[in-house]
Amino acid sequence: MSDSGPAGNGDRRSGRGRGDEGRPAQAASSWGRPRTLNQAEPQAASYPRLSEPASRPGISVPGPDAQTTALAAAAPRRTTIHVSDVALPVSIALWAFGVSRTNATTLGPLGLPAQLPVVFYAGVALLVLSAVIELTIEQASRWRMTLHAIGLVVMLYGTAPLVYPEGRYSWLYKTIGVVQYINEHGQLNSHIDIYQNWPGFFALAAWFGKVAGVSSPLAYAKWAQLVFELAALPLLYLIYDALPLSFRQRWMALFLYSAANWIAQDYLSPQGLGTVLSLGVMAITMHWLYTGNRVQVVPGQDDGSGAENGKRRRLRAKPAPGQLASRGRRTAVLVTILLLFFVLTFTHELSPYIVAVQLGVLAAARPLRPRWLPLAMIAIAVGYLVPRFSFVSSHYGLLGSLGSFFSNVAPPSSSAGAAVTSGVPASQLLIQHCADLLSVVIWLLALVGAWRRRHSGRIVLALLVLTYSPVLVLFGQAYGNEGVLRVYLFSLPWAAALAAAAVEPGTLSRKIVPRLRAATGGLDFSWIKPAFRWLRAPVALWIVLAMFFVAFFGDDAFDTFSQTEVTATLSFLQSARPGPVYVAEDNVPAEDNAGYYLFPLINIFGARDGTPVVAEATPDIADLIAENSTTYTKGKEPAYVLIAPSMVPYNTAYAQAPPDSFKILQTSLAHSKAWKLIVNTGGTVIYELPPGAASS
């Protein structure tokens, strides 16, 4: 039996055709459930059934023509082989072979992208090409497109856990430490740090560890990015399915979201879970409470993906009477949304406010009902913040950046500028520019898509509001210079939907094949325009992916850690007496045990998160650190200096100290009588200053 989508590329809102299993075409009901279009088929009455005689006067048996036609109609369909049935497995095989050939033990200034073999990129490129071909054929298959979307996510976010022994990012290990604190103490301590004031994620991770029987999240942490991105796919599809987008726009938006999400919020963290919860809130809201343009199914027309053929979906300016929820169901939906939002509120600090702002602006633009829902969300978020406001404000300066929009817009890389002692290498500038350019490209494509669909009614306005309204949050908070990253992250699902309209592929047909004119024998250039319309989709995805690889994996020279470095640091923290840890650079897999708060990290050279201990390395730097430690220990606790291999490429990338600073530091410590070497494993070196040794 053929596996073809409904007419018009398989959209379930199409007016006619058959679904993947040969069912009658379906349209979206008011609650997103399939509703069969009960339309009589004119051909059905033309032929008698096999079990019934013909009803013509004077004839008691079917005629030979009727029997032949009926038997032909009853014959089984031949299985249709799509190009993607071959191309997709081949692309996955190429990717898998490329991963197996990747040596990630030593990375250069461009990180993992420079180490990946050509066959790896060939696999990714072939998957994109296969997806676009499948998307633009007449019988596009929904389940084949699903496999392509999953395949792309696995390629992009499953590569790192396969080639690296431990989880990426130094800040991952702080979240592991908070989870371990809950595992050990069975409760929270809101006076330790901000993490334990928003405990939703950490409590869930601690519970999961007990159910799974693992002693530490280190066992599965590196797979979190893949899990979170896979979890986002069905939620995004629900969102796009609730909007009057064409079949092709919907799938292009899914691909663009996965290919452009370079922020790396999806590691094992509160913001990773918060992103999934936010998408869940939005999916339910858009399906049941959004009252913008709704699809009116037009028999015989496709869903708008056949724009080249002049076919477009007819949209209602106002919701039909049956498209709004009944009172009972609407109450259940609202309760579900508010419960999810409450979980989001005690999971992440910033995410609930961005969601509330997006829905608030959407309610002001009138497509959202009830309009009091964003106010209820703000009340929940503020109500949770009030009893914690004093702690957060005193420790993190909550109101310090209030109203400073232009300084809040500055990206994290700008905070390193003041500490640069020499020029940042060109490779690091390339990584930063790719990240910035990718964000700008997606936002610009969103504007282009909005212009192309400017006559589509209120849906374009709604998508523009959802795309750019997160910027309003920057009037209130910089979020440690990461506010602009959160703005991009929360605008991405909606920007991708608009950008998909800008790069939506045309129909794949013989019209795009160069050919000779039948009459004159000359060249026929009519194929160029449809070919360009088709090619813009794969080319746009390839360009986005090229920037993604550099932005997402470019910093892996210092964002990844060897198993030896992680084990040595963890063993030290588990056995050492509490005290301040002086780190050459703030890039180390520390704080991943239950006593993480007993070992505060202090930067020796780096100044991204504070003032460094010294301006430059001098031969007496060991004595200067010892003297500084008395500020924290009062001579009653030990102090430590930690130098790890991952700090060297970090310093090279951000140029926070001269290259010989590490050598001077280690020499000074080795010649000091006060400092004692306690760890020297695989390049990880730790010195201890015993209590009272600084004054001796």
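This is a predicted model: local features need pLDDT of at least 70, side-chain atom pairs count only at pLDDT 80 or more; totals for chains, interfaces and linings use all residues.
User: How many of the residues of α8 are buried?
Analyst: Helix α8 covers residues 224-242, and its 19 residues reach 28 Å from the first C-alpha to the last, close to the 27 Å expected at 1.5 Å a residue. The helix is largely enclosed by the rest of the structure, because its buried residues number 14 of the 19.

User: Are α4 and α8 roughly parallel or roughly antiparallel to each other?
Analyst: Helix α4, residues 142-157, packs with α8 at an angle of about 150 degrees, and the two axes are 9 Å apart. An angle over 145 degrees counts as roughly antiparallel. The relation of α4 to α8 is therefore roughly antiparallel.

User: Which residues of α8 make the contact with α4, and what is the class composition of the contact?
Analyst: Helix α4 passes α8 in a right-handed crossing. On the α4 side the contact is made by Arg142, Ala149, Ile150, Val153, Val154 and Tyr157, and on the α8 side by Gln225, Leu226, Glu229, Leu230, Leu233 and Tyr237. By class, the residues of this contact of α4 with α8 are nine nonpolar, one polar and two charged.

User: Is α8 roughly parallel or roughly antiparallel to α10?
Analyst: The axes of α8 and α10, the latter spanning residues 270-288, come within 8 Å and cross at roughly 20 degrees. Angles under 35 degrees count as roughly parallel. The orientation of α8 relative to α10 is therefore roughly parallel.

User: How do the residues of the contact of α8 with α10 divide into nonpolar, polar and charged?
Analyst: The crossing of α8 and α10 is left-handed. Residues of α8 including Phe228, Leu235, Ile239 and Asp241 meet residues of α10, among them Gly272, Val276, Met282 and His287. The division of the contact of α8 with α10 is 14 nonpolar, three polar and one charged.

User: Is Ser170 buried or exposed, and with which residues is it in contact beyond its neighbours within four places in sequence?
Analyst: Ser170 lies in the loop between α5 (159-163) and α6 (172-185). Its relative accessible area is 10%, so Ser170 is buried. Leaving aside neighbours within four places in sequence, the residues in contact with Ser170 are Phe561, Asp586, Asn587 and Val588.

User: What is the relative accessible area of Glu591?
Analyst: Glu591 is found in the loop between β7 (581-583) and β8 (601-603). Its phi is near 65 degrees, a positive value in a residue other than glycine. Buried means under 20% relative accessible area. Glu591 counts as buried because its value is 17%.

User: Which residue does a cis peptide bond join to Arg369?
Analyst: The loop between α12 (351-364) and α13 holds the residue in question, Pro370. Arg366 also has its place in the loop between α12 and α13, and its phi is near 85 degrees, a positive value in a residue other than glycine. With omega at about 0 degrees, the cis peptide bond joins Arg369 to Pro370.

User: What separation is found between the C-alpha atoms of Ile378 and Val355?
Analyst: Ile378 has its place in helix α13, residues 373-385. It counts as partly exposed because its relative accessibility is 33%. Ile378 and Val355 are 23 residues apart along the chain, and their C-alpha atoms are separated by 9.5 Å.

Terms used:
Residues are numbered from 1 along each chain as its sequence is written. Side-chain values use heavy atoms; hydrogens and water are left out. Helices (H or I, at least four residues) and strands (E, at least two) are DSSP runs, numbered from the N terminus. The expected span of a helix is 1.5 Å times one less than its number of residues. Buried means under 20% relative accessible area, exposed over 50%, partly exposed in between (1.4 Å probe, protein chains only). Axes are lines fitted to C-alpha atoms, for helices over the stretch in contact, and angles run from 0 to 180 degrees between N-to-C directions. Angles under 35 degrees count as roughly parallel, over 145 as roughly antiparallel, 65 to 115 as roughly perpendicular and the rest as oblique. A crossing is left-handed if the near helix is turned anticlockwise from the far one by less than a right angle, and right-handed if clockwise. Contact means heavy atoms within 4.5 Å. Ala, Val, Leu, Ile, Met, Phe, Trp, Tyr, Cys and Pro count as nonpolar, Asp, Glu, Lys and Arg as charged, and the others, Gly among them, as polar.
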